[in-house]
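Welcome! Please take a look at the sequence and the model below, and then let us walk through them together.

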Amino acid sequence: MASTVLSFSCQLFSSKTRKPLSFFFPRKTLYIASMGYEKELIAAKKAASLAARLCQKVQKALLQSDVQSKSDKSPVTVADYGSQALVSFVLRRELLTDSFSLVAEEDSADLRTDGAQETLERITKLVSDTLSSDGSYDISPLSREDVLTAIDSGKSEGGPNGRHWVLDPIDGTKGFLRGDQYAIALGLLDEGKVVLGVLACPNLPLAPIGSTQQHSLQNQVGCLFSAEIGAGTHMQSLDGSSPTKVHVNSTENPEDASFFESFEAAHSLHDLSSSIAMKLGVHAPPVRIDSQAKYGALARGDGAIYLRFPHKGYREKIWDHAAGCIVVTEAGGIVTDAGGNPLDFSKGRFLDLDTGIIVTNQKLMPLLLKAVRDAISEKSQATPSL
Ligand SMILES: Nc1ncnc2c1ncn2[C@@H]1O[C@H](COP(=O)(O)O)[C@@H](O)[C@H]1OP(=O)(O)O
Ligand SMILES: [Mg+2]
Ligand SMILES: [Mg+2]
Ligand SMILES: [Mg+2]
């Protein structure tokens with residue numbers, strides 16, 4: 001079981017004179033056991049890895065196909081639903097619990113219509129094939145109804161009590177369609193707090209992004225990040241290498257920091273990020289990639305800052321940040337809204353946020369918060385509707 005070690009020394013004071021008494025307690029070491037989510041973490045890694053396998057198959061077929069145009073939404077639909085059904089199925093099989101609760105992005109309403117039966121059949125075959133390729137489940141062929149039920153198990157509202165799994169079966173749909181970055185993002189809430197998170201990023205290079213140095217892992221892609229509260233963040237290849245511990249970039253100097261943001265300008269205000277970066281003195285141009293792969297890349301130190309400022313009116317969902325948030329915080333980083341408040345995952349399916357999400361290391365956060373405040377106030381003076 002993972003544990004956190006705290007060391008401290010302590011001195012007593014006389015209640016009459018307020019002078020220190022002449023002895024010290026010896027340095028003590030306290031072992032605070034983490035709550036222990038090992039079983040859940042193993043299940044989550046297995047579920048996300050299998051879902052990644054399913055998504056990779058669909059993305060490969062999509063990119064090789066001469067027939068389907070990239071704007072065709074159907075392959076993405078098949079992969080989204082397939083990934084959600086698969087994760088739900090694996091978690092239930094691995095954890096064997098009666099109180100299974102899943103907050104997930106997709107639901108089966110569209111698949112229950114008459115016109116969707118062919119799509120549903122494709123999804124059912126994909127899920128069955130992926131499960132059989134793993135070989136660890138003795139499944140009689142899955143029925144369409146099994147798949148619909150598995151997808152609909154993601155309708156939970158979450159909240160502050162008990163345990164809830166939180167899933168984005170494909171985060172970064174646009175990246176998936178382009179053949180770029182996407183992630184399968186799975187987290188676990190316990191009493192409103194994220195206690196574990198797994199990010200499977202099938203197209204993320206094992207070597208650092210943006211590094212100009214030659215690296216032995218240069219051409220290998222497919223990363224699995226996993227984090228458990230109090231136990232740090234690890235990365236391994238989706239092919240199954242052993243996990244290594246990762247840490248956020250520790251730079252204190254914004255001039256050495258590079259920053260991540262959404263590839264899609266529709267998802268985040270690029271001009272606001274540029275103005276924040278300028279105020280901070282960041283020299284490097286933004287690194288624009290899709291999905292929570294940004295959180296993974298940041299957790300292993302590829303860049304030092306992630307800025308996300310959705311357009312007015314957009315409400316962030318918990319499945320878009322739960323796994324990414326713990327992957328970064330357990331690697332030593334901080335995730336807050338633009339006002340410096342920690343993200344609150346206990347409010348149901350949505351996050352209530354002040355303006356945007358910012359991520360960096362402990363040392364840069366005060367400078368970053370100031371730059372964010374200044375840039376937002378300048379922008380709102382120029383455009384009062386922000
Ligand atoms: N208008 C929008 N503004 C911000 N985020 C969005 C918007 N539309 C979809 N998203 C979600 O943003 C996330 C990806 O953002 P990015 O890749 O830019 O970081 C995804 O969760 C995506 O949903 P989805 O899970 O359906 O892909
Ligand atoms: Mg998403
Ligand atoms: Mg999604
Ligand atoms: Mg979506």
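## The annotated binding site

The UniProt annotation "binding site", from an unreviewed entry, covers Glu105, Asp168, Ile170, Asp171 and Asp320. UniProt positions are given here in the numbering of this report, feature names are shortened, and annotations may be inferred rather than shown by experiment. Although the five are spread over 216 residues of sequence, they cluster in space, with a largest C-alpha distance of 9.8 Å.

Before going on, a word on the source: this is a predicted model, in which local features need pLDDT of at least 70, side-chain atom pairs count only at pLDDT 80 or more, and totals for chains, interfaces and linings use all residues. Residues are numbered from 1 along each chain as its sequence is written, while chains are lettered from A and ligands numbered from 1 in the order in which they are written.

## Two of the annotated residues

Let us start with isoleucine 170, which lies in strand β6. Helices (H or I, at least four residues) and strands (E, at least two) are DSSP runs, numbered from the N terminus. Isoleucine 170 is buried, because 29 other C-beta atoms lie within 10 Å. Here a residue is buried if 20 or more other C-beta atoms lie within 10 Å of its own, exposed if 12 or fewer, and partly exposed in between, with C-beta atoms placed from the backbone. Not counting residues up to four places away in sequence, isoleucine 170 touches Cys55, Val76, Ala79, Asp80, Ser83, Phe176, Tyr182 and Ile184. Two residues are in contact if their C-beta atoms, placed from the backbone, lie within 7 Å.

Aspartate 320 sits in the loop between β14 (305-308) and α8 (322-329). Aspartate 320 has 21 C-beta neighbours inside 10 Å, so it counts as buried. Leaving aside neighbours within four places in sequence, aspartate 320 is in contact with Asp168 and Asp171.

## Around ligand 1

Which residues are closest to ligand 1? Of the 15 residues that surround it, the closest are Thr173, Ser262, His267, Asp290 and Asp320. A residue counts as near a molecule or strand if its C-beta atom, placed from the backbone, lies within 6 Å of it. The elements that give two or more residues to this shell are β6 (163-171) and α5 (173-178).

The shell around ligand 1 divides into three nonpolar, six polar and six charged residues. In this scheme Ala, Val, Leu, Ile, Met, Phe, Trp, Tyr, Cys and Pro count as nonpolar, Asp, Glu, Lys and Arg as charged, and the others, Gly among them, as polar. Why does ligand 1 lie between domain 2 and domain 3? Because domain 2 (38-246) and domain 3 (254-382) both give residues to its shell.

## How the domains meet

The domain assignment gives domain 1 (3-33), domain 2 (38-246) and domain 3 (254-382); such bounds come from an automatic or database domain assignment. The C-alpha centres of domain 2 and domain 3 lie 24 Å apart. Their contact takes 41 residues from domain 2 and 31 residues from domain 3.

On the side of domain 2 that touches domain 3, at least two residues each come from β5 (102-104), β6, α5, β7 (183-190), β8 (193-205), β9 (221-228) and β10 (232-237). Strand β8 gives the most to this side, with seven residues. The residues of this side divide into 24 nonpolar, eleven polar and six charged.

Strand β14 pairs with β12 (residues 259-261) in the parallel sense over two bridges; two strands pair if DSSP finds at least two bridges between them. Isoleucine 305 in β14 is the bridge partner of phenylalanine 259. Strands β14 and β16 (residues 357-361) run antiparallel, joined by three bridges, and isoleucine 357 in β16 is the bridge partner of arginine 308.

Helix α8 is mostly covered, as eight of its eight residues are buried. Among them are Ala322, Gly324 and Val328.

## The chain as a whole

Stepping back, the chain has nine helices and 16 strands. Of its 386 residues, 45% count as buried. Among contacts between residues at least 6 apart in sequence, 72% join residues at least 24 apart.
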